[in-house]
Amino acid sequence: MKIWSKFIVCFLVIAILAGMVGCSPKTSEPAAPAETTEQPAGAEPEQVTIRVLTMQQAGYPVEVVNEIAERFMADNPNVKVETEFVAYEALHDKITTAMATTPPAYDVVLVDDIWYAEFSNAGYLYDVSDKITDEMKQGIFPSGWEITTVDSKVYGLPWGIDGMYFFYNEKILKEAGFDNPPKTWEELEEMSQVIKDKGLVEYPMVWSWAQAEASICTLVALLFGNGGTFVDEAGNPAFNNTEGVEVVQWMVDSIDKGYTNPASISYLEEDVRNVFSQGKAVFAVNWGYMYQMANFEPEESIINGQVNMALMPVFKKGLEKGIETATINGSMGWSVANASPNKEIGWEFIKFMTSKPIQDEYSKYSTPAWQTSYEGENLEKLISYSEANKVLIPNYVKQIPFAHVRPKVPYYSEASLALQLALQQALTKQKTPQEALDEAAAKFTELQEKYQ
Amino acid sequence: MATNSLRKQDAKIGVLLVIPSLLIILGITLQPVLSTLYLSFFETPLSKPSGGIFIGFDNYLNILKDKVFWATIWRTVYFTVVSVGIELILGIAVAQLIHSHPPAWKLLRTCLIIPWAVPTVVNGAMWRWIYSADYGALNALLLKFGIIDHYIAWLTNPITAMNLVILADIWHSFPFIALIIQAALASIPEDLDEAASVDGANALQRFFSIRLPLLRSAILIALVIRTVEAFRVFDIIYVITRGGPAFGTVAISFLTYFETFTYGHVGKGSALSFLISLFTLGMAMIYIRFLYKPEESRL
């Protein structure tokens, strides 16, 4: 009996202690930062490892990010950069989970524009406002700074000012008897009917309408192209007004009429690229990275040399209102974790990663955030970096001024998921577009009130 | 007396030897459980776990009042019942087949381990490719055999998507049940079967009246393990559908994930975790109540 009593007492003590440790308030406040200390003259610099979290999807491929990291390590022999790649859909949750510990699992993270408000509000990101040089301030697009700035504080360096573009298969379009891409979505429907009638492809259009942020990106492009808007001037949801409902109804109809590949309801950007690259679609909407891979990489595509880009079409209603084109601003930024013990090295890394020479050199995968890259001789130099840039960069210059942003609110992820659900319910005909969008708008308003 | 004293001495040494590992196991199990329970009484954002507001049982009450929660529970129950039910029937059938030692039965038994050995995430990715509307093997196969005349977008209908996720789960998990049942079948004395055969029982009668009752304990183990696993399903859904279309494949663990990591509602996520634990505990108790017979477990 004695031994059992001792056992029970021991166990309870340990369990209570463990429980107290577990229940004691964890903090995301930054630990006393272990800034890079000044080394005494002649001393070997301390070896430091920084962990970088980024995505393996649109933008720079894995090998490019690793190549840039290698170059940074060559310049900074005392630094080891460990990169980790996840799908875009997993990036937000991976960051929030990593930031719950001190120090966080990552020193440097790639942040989408829609998360800056949430992450800065949560204290996850290092305020780098006083580190921004005049050269950076003046050289990078103001729209880039809008991405990484929250309440006048800068939380990262802009990277890959990108938008969704309209891609088409020039060869199939010509076979269908059209020399130019459509300027309106109605015109695209007419072309699609001809393409179908001639049996060139079964579904002329493919989209990324899966239950993911990609569907919201395409919705924004369509919505603004119909003269609609995501939120009104007061910040209240406006996507459920007449223009929004018309757009979602058009999406549903385009599947019913067989113009849009019905699998689009389950497709992400990479699925769109794969289907389009197999010559199974004539039109596609995707990020800029698709052009290089679909048109120039034989191991990635069977339609090399057939791909072209054009301004994103709009609806006739939008055109009548004077809207020539509309797309989504899908830019991102590199940021340093506020609780990282290696903030200064992290800052040096993101400075290197987003520097003009690096962004110019790898521009075929992601268009640079530096406006000076598109000026005068720099523009010619930028175009000369790759064959893809000859088409991508001129399209970028024309398209990006018409790129629209999503609301910058701390509850965006939750609001977006409600809208993703609404879209899916409308596309799968569980609800009418009006019912579905009204429910999403009600959720948006509920969150708005909660956070106020 | 001497034997008794020796036994007591052995027992003491045994307890002393087990204590450290037991404490570690209980410590690391209990700590998160207590922590989760504590957090479930707070409205706690993920970004500031220390900044929660005590709200008592509000998280639990709000969850129980939420129709999304109940819709998700029924969806999870459907997933669990259908997948575990089919896995059990398939598992018993395959185990019986192996037990009858057909030609190459050893090879069959080895092959059976392959789906189970494949990591769930890999399995999910594989089935996502198979179900792909434009480049999936399923469409290609059905088209080749003339069952369909054009490619079908399988994952765009919530009900179809759910059943296809179940199919992927069955392929992955039924070998586990088959192996447990096959091991149990091997332990049943053959003379029972032979005696029944002499008495004129046919194969079906021998199976249902002799072998199946003796398999009760093995079935119980397989059912408890698989039901708990199926009820907590997450990874295969995450990879194949990410809960879509229209939340049609969101199971309860996936809802907990959304609440905790996407919305950052740690308190509500913790309460959901506790409710999942209660549901799974309840199911395990029901199984034990109806299936566990101590006298048979000694066989």
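Analyst: Contact here means heavy atoms within 4.5 Å. The model is a predicted one.

User: Which residues does A:Ala263 touch, not counting residues up to four places away in sequence?

Analyst: By that criterion, A:Ala263 touches B:Ala133, B:Asp134, B:Ala153 and B:Thr156. A:Ala263 is located in the loop between helix 10 (242–256) and helix 11 (269–277) of chain A.

User: Why is A:Ala263 called buried?

Analyst: The label requires a relative accessible area under 20%. A:Ala263 has a relative accessibility of 1%, and therefore counts as buried. In chain A, 60% of the 452 residues are buried.

User: How far apart are the C-alpha atoms of A:Ala263 and A:Thr229?

Analyst: The separation between these C-alpha atoms is 27 Å, and the two residues are 34 residues apart along the chain.

User: What share of the contacts in chain A between residues at least 6 apart in sequence joins residues at least 24 apart?

Analyst: Of those contacts, 74% join residues at least 24 apart. The secondary structure of chain A consists of 19 helices and 13 strands.

User: What are the domains of chain A in the domain assignment?

Analyst: The assignment gives domain 1 as 48–162 + 330–401 and domain 2 as 164–328 + 411–451. The C-alpha centres of domain 1 and domain 2 of chain A lie 27 Å apart.

User: How do you know that domain 1 of chain A is in contact with domain 2 of chain A?

Analyst: With the cut-off of 4.5 Å between heavy atoms, 23 residues of domain 1 of chain A are in contact with 25 residues of domain 2 of chain A. Between them, the two domains bury about 2100 Å², of which 63% is on carbon and sulfur atoms. A:Ile114, A:Asp162 and A:Gln399 supply 27% of the area that domain 1 buries against domain 2, more than any other three residues.

User: What is the count of salt bridges between domain 1 of chain A and domain 2 of chain A?

Analyst: A salt bridge needs a side-chain nitrogen of Lys or Arg within 4 Å of a carboxyl oxygen of Asp or Glu. The count between the two domains of chain A is 0 salt bridges. There are 5 residue pairs in polar contact between these domains, both residues being at pLDDT 80 or more.

User: What gives the most to the side of domain 1 of chain A that touches domain 2 of chain A?

Analyst: Helix 17 of chain A gives the most, with 6 residues. By class, that side of domain 1 has 10 nonpolar, 7 polar and 6 charged residues.

Terms used: Residues are numbered from 1 along each chain as its sequence is written. Chains are lettered from A and ligands numbered from 1 in the order in which they are written. This is a predicted model: local features need pLDDT of at least 70, side-chain atom pairs count only at pLDDT 80 or more; totals for chains, interfaces and linings use all residues. Side-chain values use heavy atoms; hydrogens and water are left out. Domain bounds come from an automatic or database domain assignment. Buried area is the accessible area (1.4 Å probe) that two parts lose on being put together, summed over both. A polar contact is a pair of N or O atoms within 3.5 Å; within protein, one must be able to donate a hydrogen and the other to accept it, and residues adjacent in sequence count only if both atoms are side-chain atoms. Helices (H or I, at least four residues) and strands (E, at least two) are DSSP runs, numbered from the N terminus. Ala, Val, Leu, Ile, Met, Phe, Trp, Tyr, Cys and Pro count as nonpolar, Asp, Glu, Lys and Arg as charged, and the others, Gly among them, as polar. Buried means under 20% relative accessible area, exposed over 50%, partly exposed in between (1.4 Å probe, protein chains only).
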